[in-house]
Amino acid sequence: MEKAFGLVLKSIKYGDTSLIAYIYTREFGMLSLLFKGFFSSKNKSLRLLTYPLVPVEFSFKPNKKSSLILPRQPQAYLSWNETLENPVKLMMLQFLAEILHNVLREDDINPKLFDFIYNQLNIFNEKKHHFAEFHLILLMKLTQFMGFSPMKNSDGKFFRLTEGDFTHHQNSDFSLNEIETQNWKKLLDCSFSPDYQNQFNRTHREQLLHSLILYFQIHISSFKEPDALTIIKEILE
């Protein structure tokens, strides 16, 4: 019997009463769990599994014949109570959960990445102000773990999304202009902490988000634009 601790990235109803949850775990990477009788269960705490990035702990017996795992003694935690009660924060979590589900694979076992995400979520939950750039910072930091982080050792005025570097000439449709490049350099140096204060105005945040999504699309061939992208733009205006 194995034990795992993870974060819910996506959940879908299966049949009349069951739920399939895609969970990113610290110990095993991505796992797909089948919760039989989920919607008829008297265990109300498990209803948290329908929320994005909710922490869950469970035991399971590995089964090589099926990709679906039947969890035992599952326990969901109300760790992000401040976030789940805030519609703006909740939508930001939904957006990030979509991104993570999009880019992480079953064999992506990376305890350092998991710990980073979990610790950042803790800080995000506690902050009542100056959290509008959390998703931007997390996406930028995620590029480091995914292997296509922008090169920082350059004084170039233009950033090339295709190459991930800074140059002195804007020679491509996928090159950012000078202001956008300055903001990328600034975002690269940002770290989300309890005392972090927003660094960008609304227009620059929208530009950064657009270019980050494009950057992911260029460097991850299977990357799809998140469904929550339009909503996240509206609520953070």
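Colleague: Is phenylalanine 58 buried or exposed, and at what relative accessibility?

Modeller: Keep in mind that this is a predicted model. Phenylalanine 58 comes out at 2%, so it counts as buried. Phenylalanine 60 is buried too, with a relative accessible area of 4%.

Colleague: How are the rings of phenylalanine 58 and phenylalanine 60 placed?

Modeller: For rings, look at the centres and then at the angle of the planes. These centres are 5.9 Å apart and the planes are at 45°, so this pair is tilted. With phenylalanine 124 and phenylalanine 131, the centres are 5.9 Å apart but the planes are at 85°, so that pair is edge-to-face. Phenylalanine 124 and phenylalanine 131 are both buried.

Colleague: What lies over the face of phenylalanine 124?

Modeller: That's lysine 89, at 5.0 Å from the ring centre. Over the face of phenylalanine 166 you'll find lysine 185, at 5.0 Å from the ring centre. Phenylalanine 166 also belongs to a cluster linked by ring pairs, whose members include Phe148, Trp184 and Tyr215.

Colleague: Let's turn to strands. Which way do β1 and β2 pair?

Modeller: First, the general idea: in a regular strand, side chains alternate between the two faces of the sheet. In our case, β1 (residues 2-14) and β2 pair in the antiparallel sense over 8 bridges. Tyrosine 14 has serine 18 in β2 as its bridge partner. β2 also pairs with β3 (residues 29-35), in the antiparallel sense over 7 bridges.

Colleague: Why is β2 called largely enclosed?

Modeller: Because 7 of its 8 residues (residues 18-25) are buried.

Terms used. Residues are numbered from 1 along each chain as its sequence is written. This is a predicted model: local features need pLDDT of at least 70, side-chain atom pairs count only at pLDDT 80 or more; totals for chains, interfaces and linings use all residues. Side-chain values use heavy atoms; hydrogens and water are left out. Rings of Phe, Tyr and Trp (its six-membered ring) pair if their centres lie within 6.5 Å; planes under 30 degrees apart count as stacked, over 60 as edge-to-face and the rest as tilted. Buried means under 20% relative accessible area, exposed over 50%, partly exposed in between (1.4 Å probe, protein chains only). A charge sits over a ring if NZ of Lys or CZ of Arg is within 6 Å of the ring centre and within 35 degrees of the ring normal. Helices (H or I, at least four residues) and strands (E, at least two) are DSSP runs, numbered from the N terminus. Two strands pair if DSSP finds at least two bridges between them.
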